[in-house]
Amino acid sequence: MTDDELFEAAVRASENSYSGYSDFHVGAALLTADGCLYTGCNIENASYGGTICAERNAIYNAYLKEETN
């Protein structure tokens, strides 16, 4: 997978973002050594502690082995 393809996967993931407070949509794409692609997006919450970043979501998806490719 090229860097451009990885970037496009992150952009597509950002379309799932819930950014009701900042209106800043973030996506992340994680490519593992064995070629699996995992994505995540930011999800905001009125309580700042309930907010989760795109990068953390991508890592959680990889941990859960919910492959998106």
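Tutor: We begin with a surface patch and then turn to the chain around it. This is a predicted model, in which local features need pLDDT of at least 70 and side-chain atom pairs count only at pLDDT 80 or more, while totals for chains, interfaces and linings use all residues. Residues are numbered from 1 along each chain as its sequence is written, and side-chain values use heavy atoms, with hydrogens and water left out.

Tyr18, Tyr21 and Ile43 make a nonpolar surface patch of about 330 Å². Accessible areas come from the Shrake-Rupley method with a 1.4 Å probe, and for residues only the protein chains shown count as cover.

Ile43 lies in the loop between strand E2 (37–41) and helix H2 (54–64), where helices (H or I, at least four residues) and strands (E, at least two) are DSSP runs numbered from the N terminus. With a relative accessible area of 37%, Ile43 is partly exposed, a class between buried (under 20%) and exposed (over 50%).

As for the whole, the chain has two helices and two strands, which follow the pattern α-β-β-α when read along the sequence. Buried residues make up 32% of the 69 residues in the chain, and its C-alpha atoms fill a box of roughly 35 × 25 × 15 Å, taken along the principal axes.

Terms used:
Patch = residues over 30% accessible without salt bridge, like charges linked within 9 Å, V, L, I, M, F, W, Y side chains within 5 Å. Salt bridge = Lys/Arg side-chain N within 4 Å of Asp/Glu carboxyl O. Buried < 20%, exposed > 50% of the residue type's maximum accessible area, 1.4 Å probe, protein only.
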